[in-house]
There are 4 protein chains.
Amino acid sequence: MSADHEFDRTDTDNEIQRAAKLYRNWGRWGEDDKIGTMNFLTEEKRLEAAKLIRRGKSFTLSAPFDQEGPQKGWRRRTNPTLFMMDTGTDASLKRQGFPHGAGGADDFISMPLSCSTQWDGLGHFFDYGKTWNGKDSSNIDGMGDHGTGIENMAPHIVGRGVLLDFGRSHGTNGELPDGFAIRAEHILECIEAQGASSKVGRGDIVIVRTGHMTRCKKLPNWGTFAMGDAPGFSFSTSKWMFETEIAAVASDTWGFEVRPNELENSFQPLHQIMIPNMGLTVGEIWDLDELAEDCAQDGQYDFFLTAAPMRITGAVSSPVNPIAVK
Amino acid sequence: MSADHEFDRTDTDNEIQRAAKLYRNWGRWGEDDKIGTMNFLTEEKRLEAAKLIRRGKSFTLSAPFDQEGPQKGWRRRTNPTLFMMDTGTDASLKRQGFPHGAGGADDFISMPLSCSTQWDGLGHFFDYGKTWNGKDSSNIDGMGDHGTGIENMAPHIVGRGVLLDFGRSHGTNGELPDGFAIRAEHILECIEAQGASSKVGRGDIVIVRTGHMTRCKKLPNWGTFAMGDAPGFSFSTSKWMFETEIAAVASDTWGFEVRPNELENSFQPLHQIMIPNMGLTVGEIWDLDELAEDCAQDGQYDFFLTAAPMRITGAVSSPVNPIAVK
Amino acid sequence: MSADHEFDRTDTDNEIQRAAKLYRNWGRWGEDDKIGTMNFLTEEKRLEAAKLIRRGKSFTLSAPFDQEGPQKGWRRRTNPTLFMMDTGTDASLKRQGFPHGAGGADDFISMPLSCSTQWDGLGHFFDYGKTWNGKDSSNIDGMGDHGTGIENMAPHIVGRGVLLDFGRSHGTNGELPDGFAIRAEHILECIEAQGASSKVGRGDIVIVRTGHMTRCKKLPNWGTFAMGDAPGFSFSTSKWMFETEIAAVASDTWGFEVRPNELENSFQPLHQIMIPNMGLTVGEIWDLDELAEDCAQDGQYDFFLTAAPMRITGAVSSPVNPIAVK
Amino acid sequence: MSADHEFDRTDTDNEIQRAAKLYRNWGRWGEDDKIGTMNFLTEEKRLEAAKLIRRGKSFTLSAPFDQEGPQKGWRRRTNPTLFMMDTGTDASLKRQGFPHGAGGADDFISMPLSCSTQWDGLGHFFDYGKTWNGKDSSNIDGMGDHGTGIENMAPHIVGRGVLLDFGRSHGTNGELPDGFAIRAEHILECIEAQGASSKVGRGDIVIVRTGHMTRCKKLPNWGTFAMGDAPGFSFSTSKWMFETEIAAVASDTWGFEVRPNELENSFQPLHQIMIPNMGLTVGEIWDLDELAEDCAQDGQYDFFLTAAPMRITGAVSSPVNPIAVK
């Protein structure tokens, strides 16, 4: 029996609805639950994760936030803009009016919350007008997400992270080609190849490296990193993610799932299963290269991960600086 | 001999320059150092901190980021504004054009980087035209901080946090009055009162609770939380912070140090010592109430703290969602 | 027979629906019309208006756009924020890298389009889910106004302006008290008092001075200018505006119509008639004091008015710098 | 004797300094003047201009303000972003909470003030650290322009506009090629070719059509409209502009002057003469095609022009919707 969810890519509508029904966690943690599969990440799990800190070395998994980022403006997703409200040049020229040598710099940012390393919150994607727990998507209006805003995740996303480095296990020179659909069978192979520290179970945060960012960040303007073709999880992994009861998942690509999308005439169909039905928080645009290099060297693929979203009231996504400690 | 740095509050200029000279770490970690006292937070220290995780319980120390925040517009410091670029209402009314039941919400934020729970980076404050390591403050221009941008801190701020709850040790109903200057003698008393888990040493991140936020967040529009009078560290603590070799410090007030400022006709004079001279990163507007309640109950005041700033290229400050794990 | 539309203020729902039906221009200029009563402002009308230029003196009717403005944050309506992206201080310190003495300053603005002197476009207000010409309000979604965006008004708003200075004709010291409901009878009295140059007819742009801004701009933070009580047009003027066939109307208050609103438990009910039903563009927060002083002196109350909205694709409102030339 | 200012393109530094001295208006209107050559636009001049209104037809000379604009991010100059704060979809789904069928849409914009059709104010460009009237460029700091902010221009820019259509007089199919340097001799030829209505004198606003925008707005993403090669005024026209005593000048290109710049290793050297020395306000990215077509048809090249900048306190540039009336 396959660990994969098999599907007919020409029957888009039925396949989405079938998977949605099979892998739906609505009501599992009560009608008013706001964090979905993050419920799997218990204090016991977090305590176990603490034991993975063996050297005290910390890694940021964040890509930079600046104008040189990968966004190209699709649906107004631009790169972040930093503004200096007060500068050292003003201070040097004594323009600020503070007494006795005091002076300061102050700054401001304007950015899509999904512009760089990010979490998709539970209000970020819908399935036929439904959001997490079967609520109507109209609960997310021009004022924000009135039910599952990212602020609800603020204290929770800290636990055991496991890096699955498909770039190394199934790719060439550490990179999967664009369009490579990672299936459950590949997941099992990757875990097998990486060894015991890669075992994944309930409450884990799975970190997927494809090597796509490695390739794109060297290109002028990141090439087609945003919206273009990319390796990523197949629609077939919905079964594995559901049954394994992971707490969250993240990857080094723009859109997590494989692109071109597998179902005919679909747009990010795995998102439709993962976020509103499964209640799974999805991370995107994570920079995993430094961590992956370290894991390849010491063979330890699990670590203590803190990936705290900003506590923005009513937001459906959040920038994040995920910190892995080994 | 006092642990406090004694000073004459009428001799502002000389006192600032004297303290600056006494507690200056310029060159200590090389001419091109970008993280200052964060160098004290070593891997060994971080490894020790991991042992403080005993229950797996996590706490956010972030205040909310929304229009109901404490800012009043001083030097254009406003509260953050969330914009919805795509909404569930649009999706419900089938306005988005995605196929087969797909739909999404997307959001955008505009905010001063110092609007809510934050780190002041090493380029945030100057002393007579000098910034960290003696560099000229003009290195921070309209394009950002070309030397000590907050991105340099991205992987590092994870270690042992110690809560010093002066609200409980020296206040009434858990709150210090406005204008209360916390001196080194109070620090020692607080540590004594709280017990062994509160011992502070090299590489620790000191978290200062005054109760000021507890009081102000209940007031309409936060009262005068921003820019008004507040309890906070005295100028005299510069000696203790320097000699103790802490890695960073943060508090539950708008401006960390006591206000009104102690030195006549000065503006945040302790900042002038801490940031550009000592190289000490300072956190402000942290919400410590839930953590403090827990510490008061179990008597354990130290914890594993991850306080990862956003990796914003060239920024002088950053919002942060600090996560304490006990 | 009264020029006023009489109404029962306790019968809100019926009164709104009755007036909406009576003063509705749907279909008058075709099903796809995008400019409503601006159609009354013909080239002939504009040519007549040109003859009103007798001295060549120009007046701005714009209030300032800056952080000191009247907004208090209702529904995220804040004052505008100006950011300097490049500064003269940077240039003075030779930080910009331009050759041979070249240097520049560059700036950026973030603002609600309704933050200061503005036009409400035809997509700005709805009546029971309907917008101008009977279209469904859902045509205005997260991407903007797909039907009647303000860009459609870009070339048109130039013609004869007539100042009706109710502050002087019916007020004390040039100011109407808050809550003063200007009715059609007052309009006729004002025109009578001001003389022949104040006659209003088809295609005119009526400029209403109440003195409310005069009073509020002297108060700390503009007092309750935004959202508070104010003088303004009564619900009863809907008849006069409709029958007179004016092209547009503007005033020196935050919300044009009298506040508190006259109909019980209503919110800006006259807007509901004027914008979606009549197709009338409404200007707010216009600073009329300098112009009014001049008109009071020379007795000429009409002038050539250019009030060009920004050509922002899909916007429902626009800042404007209206220029009157006498 | 030539109407052109002749120069040696290899002697950049000397040529800039020579022209700066020759065409400098510092002190001409007093030490505290804030509007430069706009002083030439007198009430008499404006009165004359009113006589040019013969048909009552109005034209917008503004390009659209939206994400499809020409900017590519140079020095953070992006295209404008419109955000909807309240939408009709929210209203349709009764999410807004207004009573009795009331509902509204509200919007917000974030944009560089130079992103589309604009004025460069007198604080926008420097010459060896000097700005208009010989003031130090450090008067323009992180808080804005403390001397010559664009708000000073708010009531003034209304007068006689003259279109010089070099695309038609010297180009092919109405377009000059990139790199074409328009010299004074071409100006005189164009005026000669266009006839009496094109005569330019003191106080006029000269509108320069090159056809560059016509070409670029048809290209994907506007091609290299921003920052690329373009036709434009030659450095040699500084003499003609100075002697003719025009009030302002504007064109249909990104940077007004010819690109590549004529002086070796220079950046916009004509700006260095025009703005800080001559005190001449410069318009860029104006869309002149519809007006030019009309002028070509009726042979009348002058018109009543209102080009009112927004009244933004301390800004160095401003978006504008220029309205020509013939």
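Reader: How many residues of chain D are in contact with chain C?
Author: This is a predicted model, in which local features need pLDDT of at least 70, side-chain atom pairs count only at pLDDT 80 or more, and totals for chains, interfaces and linings use all residues. Residues are numbered from 1 along each chain as its sequence is written, chains are lettered from A and ligands numbered from 1 in the order in which they are written, and side-chain values use heavy atoms, with hydrogens and water left out. Contact means heavy atoms within 4.5 Å. On the chain C side the count is 92 residues, and on the chain D side it is 92.

Reader: What area do chain D and chain C bury between them?
Author: Buried area is the accessible area (1.4 Å probe) that two parts lose on being put together, summed over both. Of the area between chain D and chain C, 58% is on carbon and sulfur atoms. The total is about 7400 Å².

Reader: Which three residues of chain D supply more of that area than any other three?
Author: Together they give 10% of the area that chain D buries against chain C. They are Arg75(D), His100(D) and Arg311(D).

Reader: Which residue forms a salt bridge with Asp106(C)?
Author: A salt bridge is a side-chain nitrogen of Lys or Arg within 4 Å of a carboxyl oxygen of Asp or Glu. The rule finds four across the interface of chain D and chain C. For Asp106(C), the closest N and O atoms are 2.6 Å apart. The partner is Arg77(D).

Reader: Which strand gives the largest share of the side of chain D that touches chain C?
Author: Strands (E, at least two residues) and helices (H or I, at least four) are DSSP runs, numbered from the N terminus. The largest share is seven residues. They come from strand 4 (residues 106-112) of chain D.

Reader: In which sense do strand 4 of chain C and strand 4 of chain D pair?
Author: Two strands pair if DSSP finds at least two bridges between them. Here there are five bridges. In strand 4 of chain D, Ser110(D) is the bridge partner of Ser110(C). The sense of the pairing is antiparallel.

Reader: How many residue pairs are in polar contact between chain A and chain B?
Author: A polar contact is a pair of N or O atoms within 3.5 Å; within protein, one must be able to donate a hydrogen and the other to accept it, and residues adjacent in sequence count only if both atoms are side-chain atoms. Both residues of a pair must be at pLDDT 80 or more. Between chain A and chain B the count is 60.

Reader: Which residue of chain A forms a salt bridge with Asp86(B)?
Author: Across the interface of chain A and chain B the rule finds four salt bridges. In the one with Asp86(B), the closest N and O atoms are 2.8 Å apart. The chain A residue is Arg75(A).

Reader: Which residue stands opposite Pro112(A) in strand 4 of chain B?
Author: Strand 4 of chain A and strand 4 (residues 106-112) of chain B run antiparallel. Five bridges join them. Opposite Pro112(A) stands Phe108(B).
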